[in-house]
Each structure stands twice: as C-alpha cells, then as structure tokens.
Amino acid sequence: MSGPRPLRVAYVPLHLSGYEAERHDVVARSSRALADLVERYGGSLLDPIDPIETREAAADAADALRASAPDLVVVQSASFAMGDLVLPFAEAGLRMCLWAPDEPRKDGPIPLNGFVSMHLQAGVLRRWRRSGSGPVKWLFGDAGHPWFGPRLATTLRALRGVGRIERSRVALVGGVAPSFLNVLASERRLYEQLGCEVAPYELGPVIDEAERVRDGARADELAAEIAAARRAVDDRVDVSDNDVRDNVAVFIALRRLAREVGADALAVSDWPLFQQRMGLHPGLAFSRL
C-alpha cells in the first residue's frame, strides 16, 4: 500500500497593462499566500509563471503545464485580463480554479478589477470551451478571506483523495455474488475513469486461512479486546463468543491478504460462501477492517 504523491499546484497570473497589479504587488503576495496553503496540505507550487497578457502566452503556458501535469492550476486575474486567456488551460484538460484578489482600496478608480475579469472568464468557459473539460471552481480574496482559504482547502483535500484513488489497488475477493447483476462493474472503465486497478482473488483460500488462525494467539487477543468493548456498553451488542471468534479469524485472514498483495482496499463477497463454509456473515470483520 502506498500513499499519494505530494500535490503539485500551478499558479498562473493573468493581467492587462494599465491596471495596478504590479503597483500593489499582487502576484508576489498571491504566490506566497497560495504556497502557504498548499504546503499546509503536503503539496508545493510549481515554478512561477510570468504574468500573462496575450492569448499566445497563455497557449504556451498551457502547453508547458500539460506536459508537467499538475494536480491543479489556479488561474488568477491579478488585474483585469482578457476573457479568452483561460481557454487554452481548459482545452489542455487541466483542473482549474479561477481566482480574483480583493481590491486594495474601496474608493476612486478601480485598481485591479479582477472580480469582473474572473466573472467574464467563467462565462467564456461556460459558453466557448470545448466539450470534455471539467468543472471550474472560483476563489475570491486575499489570504485570510473566507472565500479563498476555506474554499481552496476543500479542493486540496479532495485532490488528495483523488490522488489516492488514481494510484490505488482494489482486491476483489470472491467476485460478485450470484444474481447481483446491478453491482457489476467494468474493471477497464474503472481504470480509465479513476486510475485504480481491480485485481481478482479467490475467497476460498481466505476462508482456509481464517479456519487456520481461528484458535491462534492473535485471535485470542482480538477476541478479548472485543469482549472488553462489549462489557463497556453493558453487553448491549447481542452476539455470541463463537461468532466473534469467527469474525476475528476472517479479519486476520483478509488483512493478511491485503498486505501480501499490496491492496489499498478490499471488495469482498459476503454471500454465499461464508454462510456455506462458516455459517456466518462477516460484518464484524468488515467493520473492523
């Protein structure tokens, strides 16, 4: 079993000359705020990209990012920027957030106008991007703003989960129960869509192992631990010692299989072989796993 690789996030600032992004140090401040949050979730920013003003520069940057395959691209309107600059990033198939910083002052001429720019770009993506590119999330504000940090943190946590799934191995133990046609799934499609591998294993050897370890020292230890937990709730869980012992044995056997084959998850048929050979439902074992 292997953990996910660290998240890799790209920061892409867009701007238009004549606005005040450079004067207010928007790119440097935003880069620091983004890096701090990404590092908090075990990731890092890719090398900085110079502020982009033209469609040609946006296309070059999108090509480079497609090659480096970051987990997320945060496209910021450091100031107002042309609406079509976001299209190359969407067409490159990159996961995207659109980000507008807060205005540095609240009166006089608008110094950045990034919110209007982000709104424009979101509309362009909705109406003009090619089919197949995914959804886009918006962010607003500087470090500490409730529409920046918390919203991005949710996305980073989700991407960590995606990273685990994309490199995971699922052990399918015992196959699908007879007549349960509605839960059949294509292993090829799961790999294409999620990146996870499904590896089939027979259930019979698992039950053989459970029967072998049922009366061993490890089973004694776990059965005693569960008995203590039952006493702590006044034995309100009505299950026999024999059923506990059988489930403990199944737990030990399944966990050994997972470790031996490097499985990140188990999908185990709970019927009918467990009932035929052991006379039990392995729900306790599954919950313990």
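What covers the buried residues of helix α5 includes β1 (8-14), α1 (26-40), β3 (72-77), β4 (96-100) and β5 (136-140), where contact means heavy atoms within 4.5 Å and buried means under 20% relative accessible area, with exposed over 50% and partly exposed in between (1.4 Å probe, protein chains only). This is a predicted model, in which local features need pLDDT of at least 70 and side-chain atom pairs count only at pLDDT 80 or more, while totals for chains, interfaces and linings use all residues. Residues are numbered from 1 along each chain as its sequence is written, and side-chain values use heavy atoms, leaving out hydrogens and water. Helices (H or I, at least four residues) and strands (E, at least two) are DSSP runs, numbered from the N terminus.

The buried residues of α5 are Gly-149, Leu-152, Ala-153, Thr-155, Leu-156, Leu-159 and Gly-163. Seen down the axis of α5, they fall within an arc of 160°, so they line one face of the helix; the arc is that of the directions from the helix axis to the C-beta atoms.

Five strands form an open sheet, ordered β2-β1-β3-β4-β5 with parallel pairing, where two strands pair if DSSP finds at least two bridges between them. Because β2 (44-45) and β5 stand at the edges with a single partner strand each, one side of each is left without a neighbour in the sheet. β1 and β2 pair in the parallel sense over two bridges, and Arg-8 stands opposite Ser-44 in β2.

At 1% relative accessibility, Trp-99 counts as buried, and Phe-148 is buried as well, with a relative accessible area of 2%.
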